[in-house]
Amino acid sequence: MSEFTVVNPASEEIVAAVARTTAGETDAAIERAVIAQAAWRAVAPADRAGLLRAFAGAVDAHIEELAGLEVAGAGHPVGQARWEAGQVRDVLTYYSAAPERACGRQIPVAGGLDVTFAEPIGVVGLIVPWNFPMPILSWGMAPALAAGNTVIAKPAEMTPLTAIRIGELALEAGIPDGVFQVLPGKGSVVGQRLVDHPAVGKIVFTGSTEVGREIMAGCARRVKRVTLELGGKSANIVFADADLERAAATAPQAAFDNAGQDCCSRSRILVQRSVLEKFMELLEPAVKAVTVGDPASAATQMGPLISAAHRDRVASYVPDGAPVAFRGTAPDGPGHWYPPTVLAPVRMDDPAYTEEVFGPVVTVTPFEDEAAAVALANDTPYGLSGSIWTRDVGRAIRVARAVETGNLSVNSHSSVRYSTPFGGFKQSGLGRELGPDALDAFTEVKNVFIATEG
Ligand code: NAD
C-alpha cells in the first residue's frame with residue numbers, strides 16, 4: 001500500500017489518507033537538505049532569528065487548526081491539543097534567540113589567538129512517535145534549525161497530519177525550501193534511510209526503547225550523533241507527611257494524562273504504608289471523577305487510545321483476575337476506549353508493575369521507609385521522570401538526589417518545560433533536549449588557533 005489511512009481513534013472514522021514516502025524520495029529529500037544547509041547556515045544570525053520568530057507566529061495563527069488535526073487524528077482532548085500547538089510556538093520562540101547568542105570562547109594561549117565556534121552538524125533526521133506528535137517534533141526541530149542545521153522530520157505512521165501542516169507553515173513563514181522537510185512514511189523505510197544515509201549527520205529519536213537500541217546501533221556504524229528519548233516507568237512517591245489530599249487529587253492526571261500514552265506517566269504510585277488506606281480512600285473518587293469521552297469537548301480530560309491494537313495491548317496487562325482496586329469510566333460504542341484503572345496490591349513481577357503499559361493503568365505499592373521508597377523507585381531499567389510528595393524539605397532533596405531519573409518534581413507533577421532540560425537516565429534515553437544547553441546537541445565545537453607571531 002502506498003498510503004496510510006489516518007483514523008479518528010474516538011469515532012473510528014477515516015480522517016485522511018497520506019502518501020508514504022519511498023526510500024528514493026527520502027534520498028532526494030536528503031540531497032535537497034544538504035544543498036539548503038549551505039545557504040541556511042550562511043543566513044545572518046538576526047535574519048535566521050527573525051525567520052524562526054515568523055515561523056512561531058505562523059504556528060500561533062493556526063493553533064485552532066493544528067489542535068483540531070490532533071483531536072481528529074490522535075484523539076487528544078482539545079484543551080490538551082491547544083496546549084501542544086502552543087508548545088510548538090513557544091519552543092520556536094525560545095530558540096529564535098539562539099542564533100544571535102551562539103557565542104564561542106576565546107581561550108588564552110601562547111603565540112596567538114585561540115577561539116571556538118559552535119558549528120552546525122549539517123542535516124538532522126528527526127524521528128517522532130505518535131503520542132505527542134507536535135511537542136516532540138518541536139523539541140528537535142527548533143534548536144536544530146536555530147543552530148544552522150537543516151531538518152528532515154519523519155512523523156509516526158498513525159499521526160502525520162500536524163507535522164505535515166507545520167511543514168507547510170514553515171514555508172509560508174519564509175523558511176527557505178529544503179530547510180525543514182516532513183516525510184511521512186514507515187520507520188523501516190524513511191526512518192531507516194535517515195539512520196543509514198551518510199549525509200545525515202545526526203539522528204534525534206523519540207520512541208520505544210526497543211527501536212531506540214536499533215537506531216543507536218545503526219548510528220554507531222557511522223559514528224553518527226544521536227539523541228534518544230525512550231520509554232519510562234516512573235514512580236510517584238507519597239510519604240506519610242505529604243499533603244495527602246493534593247497528592248491523591250493529582251495522581252490520576254500524572255498517570256492518565258494523554259490516556260497514559262506518556263513516557264513521563266507516573267505509572268507506579270509508591271505510598272508509605274502508614275497512610276496507604278487513607279490514600280486509597282482519597283484516590284478512588286479522584287479516579288472515578290476523570291472525565292473520559294469525546295476529545296472535541298472542552299470538558300474532556302482523557303480521550304481514547306491511539307488504535308485498537310494498542311488498546312488490546314493495554315488490556316492484556318489487566319487479565320481476568322487482575323487485582324483491580326477500582327476504575328473510572330469509558331464510553332461504549334465506537335472508539336478505542338479504556339477506563340482509568342488502578343491495580344493494587346500488585347506482585348513485584350507483574351508485567352503491569354515492571355513494564356511500560358503506555359495506557360491508563362497505574363499500580364499502587366506500599367513502602368516502609370525512605371530507603372525502601374528509593375530502592376523501589378530505582379528498581380527499573382528506566383529513569384525518565386517521577387514525583388515526590390513530602391512536607392520535609394530535607395527528605396525531598398535527599399530523595400530527589402537518590403532517584404535515578406532525569407526529571408523530578410516535588411509536590412507537583414510538572415516535568416516538561418521548554419526552558420529546562422529534559423531526558424532520561426538508564427534505558428530511558430541518551431542526551432537531553434530543551435533548555436539552554438540543547439543547542440550543544442546540534443553543534444560541533446571547532447577550535448581555531450590563529451598565530452600572531454611569524
Ligand atoms: P516506536 O519506537 O514504535 O516508533 C517511534 C518512531 O520510530 C516512529 O516514527 C516509527 O515510525 C519510527 N521507527 C520504527 N522503526 C524504525 C526503524 N527501524 N528505523 C527508524 N525509525 C523507526 O514508538 P511509538 O510506539 O511511536 O512511541 C511510543 C514510545 O515512545 C513509548 O515507549 C514512549 O515511552 C516513548 N516516548 C518517549 C519519550 C521521551 O521523551 N523519552 C517521549 C514520548 C514517547
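How are α13 and α14 oriented to each other, roughly parallel or roughly perpendicular? The legends below begin with that pair. The model is predicted, so that local features need pLDDT of at least 70 and side-chain atom pairs count only at pLDDT 80 or more, whereas totals for chains, interfaces and linings use all residues. Residues are numbered from 1 along each chain as its sequence is written, and side-chain values use heavy atoms, with hydrogens and water left out.

**View A. Helices α13 and α14 in contact.** Helix α13 covers residues 370–378 and helix α14 covers residues 393–402, and their axes come within 10 Å and cross at roughly 30°; helices here are DSSP runs of H or I with at least four residues, strands are runs of E with at least two, and both are numbered from the N terminus. The axes are lines fitted to C-alpha atoms, for helices over the stretch in contact, and the angles run from 0 to 180 degrees between N-to-C directions. α13 and α14 are therefore roughly parallel to each other, given that angles under 35 degrees count as roughly parallel, over 145 as roughly antiparallel, 65 to 115 as roughly perpendicular and the rest as oblique. The crossing of α13 past α14 is right-handed, a term for the near helix being turned clockwise from the far one by less than a right angle, with anticlockwise giving left-handed. On the α13 side Glu370, Val374 and Asn378 meet Arg395, Arg398, Val399 and Ala402 of α14, contact being heavy atoms within 4.5 Å. Sorted by class, this contact has 3 nonpolar, 1 polar and 3 charged residues, where Ala, Val, Leu, Ile, Met, Phe, Trp, Tyr, Cys and Pro count as nonpolar, Asp, Glu, Lys and Arg as charged, and the others, Gly among them, as polar.

View B. Arg395 counts as buried at 17% relative accessibility, whereas Asp241 is partly exposed with a relative accessible area of 27%; buried means under 20% relative accessible area, exposed over 50% and partly exposed in between, with a 1.4 Å probe and protein chains only.

**View C. Helices α3 and α4 crossing.** The axes of α3 (residues 63–74) and α4 (residues 78–96) come within 8 Å and cross at roughly 125°. That angle makes α3 oblique to α4, and α3 passes α4 in a right-handed crossing. Ile63, Glu64, Leu66, Ala67, Glu70 and Val71 in α3 are in contact with Val78, Ala81, Arg82, Glu84, Ala85, Gly86 and Arg89 in α4. The classes in this contact are 7 nonpolar, 1 polar and 5 charged residues. Arg89 also forms a salt bridge with Asp90, with the closest N and O atoms 2.9 Å apart. Arg89 is partly exposed at 24% relative accessibility, and Asp90 is likewise partly exposed, with a relative accessible area of 24%.

**View D. Thr162 in helix α6.** Thr162 belongs to α6, which covers residues 161–172, and is buried with a relative accessible area of 0%. Leaving aside residues up to four places away in sequence, Thr162 touches Leu66, Leu69, Glu70, Pro133 and Met134.

**View E. Glu284 and Lys288 in helix α10.** Being 4 residues apart in α10 (residues 276–288), Glu284 and Lys288 are separated by about one helical turn, and their salt bridge has its closest N and O atoms 2.6 Å apart. Glu284 is partly exposed with a relative accessible area of 29%, as is Lys288 with 44%. Elsewhere, salt bridges that share partners join Glu65, Arg165, Glu168 and Glu172 into one network, and the count by this rule comes to 20 salt bridges.

**View F. Backbone details in loops.** The peptide bond from Ala344 to Pro345 is cis, with omega near -10°, and Pro345 is in the loop between β13 (341–343) and α12 (351–354). Asn411, although not a glycine, has a positive phi of about 55°; Asn411 is in the loop between β16 (407–410) and β17 (429–430) and is partly exposed at 26% relative accessibility. Leu434, another residue other than glycine, has a positive phi near 65°, and this leucine in the loop between β17 and β18 (443–451) is buried, with a relative accessible area of 2%.

Note on methods: A salt bridge is a side-chain nitrogen of Lys or Arg within 4 Å of a carboxyl oxygen of Asp or Glu.
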